[in-house]
Amino acid sequence: MKLSILSAVLLPVSQALSLAGHGGRPYDIIHEVDRRANALQDFVTWDEHSLFIHGERAMMFSGELHPFRLPVPSLFLDVFEKIKAMGFNLVSFYVDWALVEGKQGEFRADGIFDLEPFFDAAKKAGIYLLARPGPYINAEVSGGGFPGYLQRLKGVLRTTAPDFLNATDK
């Protein structure tokens, strides 16, 4: 069975959000992701033509599925199997910051915000995942997926303004 790139390298999102929401510092989460990535540094490599997964050339044919648009985890596997049947082997997805941190400092990774069922279904279907976490997402969502509380910042969003960058650190 193929191992999802994302679930192999990154902390489970629910664990990362749990760390962040319960006193975990962002650099603790980043350190853990870096540790996992270093342990798997030869898992994915590339040349000018394609990716290699475990040393085997892999052409990626990608679709897109946003888990927040299908908040019924029991349907994820069915959708991934249909994507696979159409010849795709990778799915990119957005994480909507406004949904997981609608209130500043309050992270949600439960219920429909839990991405573990999404990851598990992709793994079971043999689909690789490519995370597109933002902070801005171009997914036809209000405010580009930015939480509303960012409107109180003095700095300009999507710039190097210190208050905006500080907000994205979480």
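The buried residues of α4 (76-85) pack against β5 (90-94), α6 (116-125) and β6 (128-132). Here helices (H or I, at least four residues) and strands (E, at least two) are DSSP runs, numbered from the N terminus; buried means under 20% relative accessible area, with exposed over 50% and partly exposed in between (1.4 Å probe, protein chains only); and contact means heavy atoms within 4.5 Å. Keep in mind that this is a predicted model: local features need pLDDT of at least 70, side-chain atom pairs count only at pLDDT 80 or more, and totals for chains, interfaces and linings use all residues. Residues are numbered from 1 along each chain as its sequence is written, and side-chain values use heavy atoms, leaving out hydrogens and water.

Let's start with α4. Its buried residues are F76, F80 and I83. They sit on the same side of α4 because they cover an arc of only 55° around the axis, the arc being that of the directions from the helix axis to the C-beta atoms. An α-helix has 3.6 residues a turn, so residues three or four places apart point the same way. Just after α4, G87 takes a positive phi of about 100°.

Now for α6, where F118, F119, A121, A122 and A125 are buried. Looking down the axis of α6, you'd find these residues within an arc of 165°, so they line one face of the helix.

Of its 17 residues, F80, V91, F93, F118, I127 and L129 touch the most other members. Two or more residues each come from α4, β5 and α6, and α6 gives the largest share, 5 residues. Not counting residues up to four places away in sequence, V91 touches S62, G63, E64, L65, F80, I83, I127, Y128, L129 and L130. Apart from this core lies another, of 7 residues, including F146, L150, F164 and A167.

Finally, look at D96, in the loop between β5 and α5 (97-100). D96 is buried yet has no salt bridge, and R69, the nearest side chain of opposite charge, is 7.2 Å away. A salt bridge would take a side-chain nitrogen of Lys or Arg within 4 Å of a carboxyl oxygen of Asp or Glu. The side chain of D96 does reach the backbone nitrogen of A98, at 3.0 Å.

Key. Lys, Arg positive; Asp, Glu negative; His and termini not counted. Polar contact = N/O pair within 3.5 Å; in protein donor to acceptor, adjacent residues only side chain to side chain. Core = buried A, V, L, I, M, F, W, Y, C linked by side-chain atoms within 4.5 Å.
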